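Please report on how the two chains of this complex are built and how they meet.

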Amino acid sequence: MEEDKILFYGGSSNEIIEELEKITSGNPGRINATPENVDSGLAKIVLTLIELIRKLMEKQAMRRIDGNSLSEDQIENLGETLMKLEQKMDELKKIFNLTDKDLNLNLGPLGDLL
Amino acid sequence: MPVTVYAVFYSSEVHDDMPSDIDLFLSGSEGKFEFIYANKLTALVSLQKEKNPVYSQQEVLAYASIVEKISKRYAILPMRYGSVVDSLEDVIALLQKNSESFYAVLDSVKNKEEYSLRLLFSQRHQHDTLNMESTEIIKVPPAILQGNTETKNYLLKKYQEHIVEENRHQYIEKIQSHVTQEIRKITEIFELKKRVTPALILDAVLLIERSAKDEILALASRIQSRYPEHNVILTGPWPPYNFTQIKIE
């Protein structure tokens, strides 16, 4: 960005520069499938969708805790399910050499999926 | 020969204020520029030198710089980099087919400029807030999560993260609501863009009268005074990219 375009800034210039770089660099989270990497390309799509569903389940669970609508048995069940789901996701991410950052997709004007 | 289109504006503005030499007006820019007229509209164009040009960041910046120069002079509909048509006749057809949409957009941006106003979370403040809130939650966990089992400890950790996130959303919404009210004092033409990074509290683009530059500067200063713990950044003026989006036929 041209310097004369910055009319005003307050606070930490280092923090501003760092954040603006993140905003303007865009998200590299695109599926780059080629014949050589089709396995990991597909895995990335599938795991991203699973991660999205897992996060939605987690949010729903937190709402139910907030609503105090769970019994002792249900809370144990819920905790165990979410915990195992997270562990399983970690295993799959390791197998396909993916990180949390990889499990995101840029949906253009809609922003990031996760 | 392919033609690059930079911007469209009312011909009357050019006639009232005709630059004696377009190339001189766009000095420093490579290429031979032409004004193409149709109906009441004018397009600033240049003939492409090569049939298959190499696209580079430098080319994009040069294109943006030309659009910028022309927007300082006229109320324009800025085109995006890569707006190329096959011939000068196609430029005329473009102006004729879309004239009504172009008039409407040009009327809406007349004598106005675009600015970007962003409010960013201070990392230090964010860190302090999160720590403080987490500590508060640990003190009083929900009754259902009390008990020292592996699953409850796991859920409690998730619950803390959830509460911190909820608090953060509420905090951001409160600031957004206040800043939006402040923006409305200057203009009703603005958009809040999606927050693409967690540190972004507010990302607004505003269209304001060219004469209201001091007001927007004062607004940024007021917001910074109100939220000294965060970072405000105001940039502009920009060509009205965010307020001239139409579907071209």
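Helix 8 of chain B lies across strand 1 of chain A together with strand 6, strand 8 and strand 9 of chain B. The helix runs at about 170° to strand 9 of chain B. Helices (H or I, at least four residues) and strands (E, at least two) are DSSP runs, numbered from the N terminus. Axes are lines fitted to C-alpha atoms, for helices over the stretch in contact, and angles run from 0 to 180 degrees between N-to-C directions. This is a predicted model, where local features need pLDDT of at least 70, side-chain atom pairs count only at pLDDT 80 or more, and totals for chains, interfaces and linings use all residues. Residues are numbered from 1 along each chain as its sequence is written, while chains are lettered from A and ligands numbered from 1 in the order in which they are written.

The sheet is open and has five strands, in the order 1(A)-9(B)-6(B)-8(B)-7(B), with antiparallel pairing. Two strands pair if DSSP finds at least two bridges between them. Strand 1 of chain A and strand 7 (190-192) of chain B stand at the edges. Each has a single partner strand, so one side of each is left without a neighbour in the sheet. Neighbouring strands of this sheet are turned by 15° against each other on average, direction ignored.

## Strand pairs and the covering helix

Strand 1 (residues 6-9) of chain A pairs with strand 9 of chain B in the antiparallel sense, over three bridges. Tyr9(A) stands opposite Ile233(B) in strand 9 of chain B. On chain B, strand 6 (residues 112-120) runs antiparallel to strand 9, and six bridges join them. Here Ser116(B) has Thr235(B) of strand 9 as its bridge partner.

Helix 7 of chain B lies across strand 6, strand 7 and strand 8 (200-209) of chain B. Helix 7 runs at about 10° to strand 8 of chain B.

Which element gives the largest share of the side of chain B that touches chain A? In total, 29 residues of chain B are in contact with 27 residues of chain A. Two residues are in contact if their C-beta atoms, placed from the backbone, lie within 7 Å. Helix 7, helix 8 (213-226) and strand 9 (231-238) of chain B each give two or more residues to this side. Helix 7 of chain B gives the largest share, seven residues. The residues of this side of chain B divide into 15 nonpolar, 11 polar and three charged. Ala, Val, Leu, Ile, Met, Phe, Trp, Tyr, Cys and Pro count as nonpolar, Asp, Glu, Lys and Arg as charged, and the others, Gly among them, as polar.

Helix 2 (residues 38-66) of chain A packs against helix 7 (residues 150-184) of chain B at an angle of about 90°, with their axes 10 Å apart. That makes the two helices roughly perpendicular (65 to 115 degrees). Glu58(A), Met62(A) and Ile65(A) make the contact from helix 2 of chain A, and Lys158(B), Tyr159(B) and His162(B) from helix 7 of chain B. These residues divide into three nonpolar, one polar and two charged.

## Chain A

Chain A has three helices and one strand. From the N terminus on, its elements run β-α-α-α. Of its 114 residues, 11% count as buried. A residue is buried if 20 or more other C-beta atoms lie within 10 Å of its own, exposed if 12 or fewer, and partly exposed in between, with C-beta atoms placed from the backbone.

Leu85(A) is found in helix 3 (residues 72-95) of chain A. Leu85(A) is partly exposed, with 16 other C-beta atoms within 10 Å. The C-alpha atoms of Leu85(A) and Ile6(A) are separated by 46 Å, and the two residues are 79 residues apart along the chain.

Chain B is divided into domain 1 (3-110) and domain 2 (113-243), with bounds that come from an automatic or database domain assignment. Seven residues of domain 1 of chain B are in contact with five residues of domain 2 of chain B. On the domain 1 side, helix 3 of chain B gives the largest share, three residues.

Six of the seven residues of strand 3 (residues 41-47) of chain B are buried, so this strand is largely enclosed by the rest of the structure. Strand 1 (residues 3-10) of chain B pairs with strand 3 of chain B in the antiparallel sense over seven bridges. Strand 2 (residues 33-38) of chain B also pairs with strand 3 in the antiparallel sense, over six bridges. Strand 2 and strand 3 of chain B form a hairpin with two residues between them, and Asn39(B) in the turn has a positive phi of about 50°.

Notes: Parallel < 35°, antiparallel > 145°, perpendicular 65-115°, else oblique.
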